[in-house]
Amino acid sequence: MSPSFAAPGLFPAVHEQAMRRLAEVTGLVPVEYPTTRRVGASPRERAADVNAAFADPSVRAIIATVGGEDQITVVPHLDPALARADPKPFLGTSDNTNLHHWLWANGIASFYGGSTQVHLGPGPAVDDVHARSLRAALLTGGRLEITDPGSSEDVGVDWSDPRALTSYGDRVPTEPWSWHGPARTVTGRTWGGCLEVIEWVLTAGRFPFPPAALDGGVMLLETSEELLPARNVAWIVRALGERGLLAAVSAVLLARPPVSDLTRRPAPAERDRLRAAQRDAVLAEVARYNPEAVFVSGIPFGHTRPQWILPHGGDVTVDGAGRRVYADFGQERGP
């Protein structure tokens with residue numbers, strides 16, 4: 001379904017390839033809801049699809065096609081009783097942070113990642129790390145080590161170009177993850193998502209919990225294709241610190257950020273500088289508010305491809321001594 005932007009309505013070939021691949025990779029049967037391809041569907045109409053999916057006992061998971069920018073207007077029309085009665089997995093990134101936080105507030109874990117229009121439909125094949133975490137989230141559960149796939153792209157081929165179905169975007173080698181803080185092991189329940197959307201969620205008053213609700217947790221932070229300057233990213237993270245949320249968690253995972261898009265293509269050295277600037281800006285705020293937190297940057301989740309799907313409200317282990325990260329794909333309860 002498309003709880004935010006109905007990209008399949010404008011780029012149906014990518015969507016249809018994504019649905020075929022979803023069935024091939026998982027063996028599951030995709031069910032398309034009415035607003036999946038309806039560009040301009042109202043917030044109430046999109047919420048009706050989410051409510052219908054939670055109410056249908058034959059539906060065992062919900063996957064968003066893509067993000068967007070107005071899902072915050074969908075949330076007031078959602079029925080928490082339906083979700084609590086049958087808490088099935090929800091997968092999505094970016095603007096779907098709104099739905100992840102709504103589920104978290106209602107005691108339901110979800111999975112951050114899996115947008116079909118981005119990670120299943122485009123390119124010559126589904127990336128291995130994405131396929132493995134998709135199957136774990138939907139089928140097998142278990143514990144997976146989160147590893148670096150060795151290459152990454154900020155953006156793929158334009159979906160209006162037929163080559164989007166067969167070609168990857170501009171993939172470049174990744175850099176080693178950056179580790180900071182104490183060399184200790186942390187296992188905690190995750191909370192977070194797209195940083196720009198987290199700011200909206202908090203502004204709308206949709207995190208009705210004291211900072212202690214995140215005690216011992218692992219904060220997931222990633223930024224979008226809006227390509228915010230590092231100082232703006234730091235300002236949002238600083239606000240999380242002032243609210244007491246940074247001090248509550250035991251670890252922070254910062255995703256590898258996009259630093260280019262279809263029109264902005266900095267030179268490789270400038271891309272490296274932009275990623276390092278964001279890492280350093282976020283690290284400075286984490287160190288200011290919680291110097292005992294284990295901090296790792298460069299993790300391949302969020303707005304990057306290949307992408308690992310990560311639990312949201314489930315457990316992640318961050319081993320600061322061994323410099324390894326593990327995700328538990330069992331459906332844990334939220335707060």
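**Aromatic rings and their neighbours**

User: Is W104 buried or exposed?
Analyst: Welcome! This is a predicted model, where local features need pLDDT of at least 70 and side-chain atom pairs count only at pLDDT 80 or more, while totals for chains, interfaces and linings use all residues. Residues are numbered from 1 along each chain as its sequence is written, and side-chain values use heavy atoms, leaving out hydrogens and water. Buried means under 20% relative accessible area, exposed over 50% and partly exposed in between, using a 1.4 Å probe and protein chains only; W104 has 2%, so W104 is buried.

User: How are the rings of W104 and F209 arranged?
Analyst: Seven aromatic pairs occur in the structure. Rings of Phe, Tyr and Trp (its six-membered ring) pair if their centres lie within 6.5 Å, with planes under 30 degrees apart stacked, over 60 edge-to-face and the rest tilted. For W104 and F209 the centres are 5.4 Å apart and the planes lie at 80°, so the arrangement is edge-to-face.

User: How many residues apart are W104 and F209?
Analyst: Helices (H or I, at least four residues) and strands (E, at least two) are DSSP runs, numbered from the N terminus. W104 is in helix α5 and F209 in the loop between α8 and β9, so this pair links distant parts of the chain, with a separation of 105 residues.

User: Which term describes F209: buried, partly exposed or exposed?
Analyst: F209 has a relative accessible area of 22%. That value makes F209 partly exposed.

User: What is the angle between the planes of W191 and F207?
Analyst: W191 and F207 are both buried. Their rings sit 5.2 Å centre to centre in a tilted pair, and the angle between the planes is 55°.
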